[in-house]
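I opened my notebook to look up a few things in this protein chain. My entries follow in the order I made them.

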Amino acid sequence: MDCSPSSTSAVACVLVLSVQGLYSPSDDVVDLSPSNFDREVMQSDSLWLVEFYAPWCGHCQRLVPDWKKAATALKGIVKVGAVDADQHKSLGGQYGVRGFPTIKIFGSNKNKPEDYQGGRSSQAIVDAAINALRSLVKDRMAGKSGGSDQSRQSGSGGGASKKDVVELTDDNFDQTVLNSDDVWMVEFFAPWCGHCKNLEPEWAAAATELKEQTKGKVRLGAVDATVHQVLASRYGIRGFPTIKVFRKGEDPEDYEGGRSRSDIVARALDLFSENAPPPELLEMLNEDVLKKTCEDHQLCIIAVLPHILDTGASGRNGYLEVMMKMAEKYKKKMWGWLWTEAGAQMELETSLGIGGFGYPAMAAINARKMKFALLKGSFSETGIHEFLRDLSVGRGSTAPVGGGALPKINAVEPWDGKDGELPVEDDIDLSDVELDDLGKDEL
């Protein structure tokens with residue numbers, strides 16, 4: 001069983017060398033750290049066997065003599081290195097190290113090392129290294145090369161859709177990032193770093209997608225930490241790439257998520273929703289309000305509330321409060337939210353088939369597809385949440401909008417926030433009426 005800080009086997013790990021590493025400069029095992037890993041391993045043409053260890057781990061301590069022996073036997077043929085992953089957690093984290101020791105083989109494709117699954121004797125290690133070396137030679141003979149791509153140059157701003165990833169420097173960082181009201185995700189990279197190069201297209205794609213989805217409220221930047229060392233030092237950058245999140249008035253936080261476009265976008269949208277105000281709940285006063293709300297958002301949620309004479313101001317405010325709570329809950333979706341009074345927009349009600357359900361009613365319209373879905377449950381937090389949750393995951397029945405287009409909307413006056421008043425009837429003047437004639441029947 002391998003050592004893991006969270007496992008019961010860690011109790012058996014003798015804490016002999018808890019401060020110092022397990023290998024010395026006199027060994028044939030190369031001591032690797034974030035400062036030299038990319039230069040020694042990623043940029044090398046050699047095959048590498050790398051052990052990720054923790055000094056307190058008994059299994060790691062027992063591996064030391066065999067690892068040293070294998071390194072000496074393979075000297076000049078295969079490189080053998082070791083990373084104190086207890087000290088250099090960021091480096092271990094990049095390769096998903098969860099237990100100790102973990103051994104990885106960096107072969108023809110340095111960006112995708114293989115897990116070593118063999119025995120822990122020096123002979124087993126050497127045999128695995130020779131087999132990996134044969135595979136490396138075969139790949140080269142076949143013209144396959146995982147060689148390092150030098151396309152990411154210093155000052156490229158991350159290379160990503162280069163107009164959407166902001167190039168940050170010692171000179172512009174404070175003004176651009178720290179003084180901004182927007183949320184910033186900043187990558188600190190080194191041009192020679194293999195992981196940085198792998199991240200580059202994902203960072204670019206995420207920057208472009210977020211520019212549209214957050215309307216520029218979450219921005220991505222990149223700092224060449226080998227050039228702008230003042231910034232790198234200020235934020236304690238020790239390995240590459242390092243990604244930090246900056247929000248105005250708050251200490252920066254480390255980004256610990258995945259490095260695919262979807263991972264980056266998902267975290268950015270979480271940050272956006274945490275910092276964004278809830279969407280505005282608008283009364284449908286004219287056609288422009290409907291068109292802008294529905295055409296600018298993936299979905300527009302429309303409520304048709306009872307007439308003010310049926311609910312009074314307090315009843316209407318209750319319905320609006322429920323809608324605002326749901327708008328807050330689903331603000332990450334960036335939907336539009338509208339309401340109107342029953343009878344005010346009859347063409348809309350007809351096109352959505354709302355009348356049959358009574359009031360209040362709710363519909364969600366996808367203006368791009370001209371389809372809608374109706375709330376069939378209660379107009380309550382629970383009922384609306386279930387309705388919107390189903391829409392979020394693609395469930396629920398939909399129908400085409402009547403007429404195949406957004407309906408005509410009447411211009412109306414905004415609600416004044418007060419109770420409704422019955423229309424005043426004209427007084428009838430009875431002074432000229434002969435009361436004696438009221439009892440007579442006319443033939």
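**Entry: the disulfide**

I began with the link of Cys294 and Cys300, which is right-handed, with 90° about the S-S bond. The model is predicted, so I noted that local features need pLDDT of at least 70, side-chain atom pairs count only at pLDDT 80 or more, and totals for chains, interfaces and linings use all residues. Residues are numbered from 1 along each chain as its sequence is written, and side-chain values use heavy atoms, with hydrogens and water left out.

A disulfide is a covalent bond between the sulfur atoms of two cysteines. Here the term is used for a pair of cysteine sulfur atoms within 2.5 Å. Cys294 and Cys300 have an S to S distance of 2.0 Å. I found one disulfide in the structure.

Are these cysteines buried or exposed? Buried means under 20% relative accessible area, exposed means over 50%, and partly exposed lies in between (1.4 Å probe, protein chains only). Cys294 has 1% relative accessibility, so it is buried. Cys300 has 0%, so it is buried too. I also looked up Cys193, which is buried at 0%. Cys196 is buried at 0% as well.

**Entry: strand S14**

Helices (H or I, at least four residues) and strands (E, at least two) are DSSP runs, numbered from the N terminus. The bridge partner of Cys300 in S14 is Ile365. Two strands pair if DSSP finds at least two bridges between them. S12 (residues 300–305) pairs with S14 in the antiparallel sense over five bridges.

How many of the six residues of S14 are buried? S14 covers residues 361–366, and six of its six residues are buried. Ala361, Ala363 and Ile365 point one way, while Met362, Ala364 and Asn366 point the other way. I recalled that in a regular strand the side chains alternate between the two faces of the sheet.

S14 also pairs with S15 (residues 371–374), antiparallel, over four bridges. There, Ile365 has Phe372 as its bridge partner. S14 and S15 form a hairpin with four residues between them. Met370 in that turn has a positive phi of about 55°.

**Entry: the five-stranded sheet**

Next I looked up an open sheet of five strands. Its order is S1-S3-S2-S4-S5, with mixed pairing. S1 (30–32) and S5 (114–115) stand at the edges with a single partner strand each, so one side of each has no neighbour in the sheet.

I then went through the pairs. S2 and S3 are parallel, with six bridges. Tyr53 stands opposite Asp84 in S3. S2 and S4 are antiparallel, with five bridges. Trp48 stands opposite Phe106 in S4. S4 and S5 run antiparallel and are joined by two bridges. Ile105 stands opposite Glu114 in S5.

Which residues of S4 lie on each side? Thr102, Lys104 and Phe106 are on one side, Ile103 and Ile105 are on the other, and all are buried.

**Entry: helix H4**

H4 (residues 122–141) has 20 residues. From its first C-alpha to its last it reaches 29 Å, close to the 28 Å expected. The expected span is 1.5 Å times one less than the number of residues.

The buried residues of H4 include Ser122, Ile125, Ala129 and Leu136. Why do the buried residues of H4 line one face? Seen down the axis, they fall within an arc of 160°, so they line one face of the helix. The arc is that of the directions from the helix axis to the C-beta atoms.

The face turned away from the buried side carries the exposed residues Gln123, Arg134, Lys138 and Met141. The buried residues pack against S2 (48–53), H2 (58–73) and S4 (102–106). I took contact as heavy atoms within 4.5 Å. Just after H4, Gly143 takes a positive phi of about 80°.

**Entry: the cores**

A nonpolar core is a set of buried Ala, Val, Leu, Ile, Met, Phe, Trp, Tyr and Cys residues joined through side-chain atoms within 4.5 Å. The largest has 42 residues, and Phe37 and Trp67 touch the most other members. H1 (37–42), S2, H2, S3 (79–84), S4 and H4 each supply at least two residues of this core. Apart from it lies another core of 40 residues, among them Ala206, Val223, Ile243 and Tyr255.

Last, I looked up Trp67 itself. Leaving aside neighbours within four places in sequence, its contacts include Tyr23, Leu49, Ile103 and Ile125.
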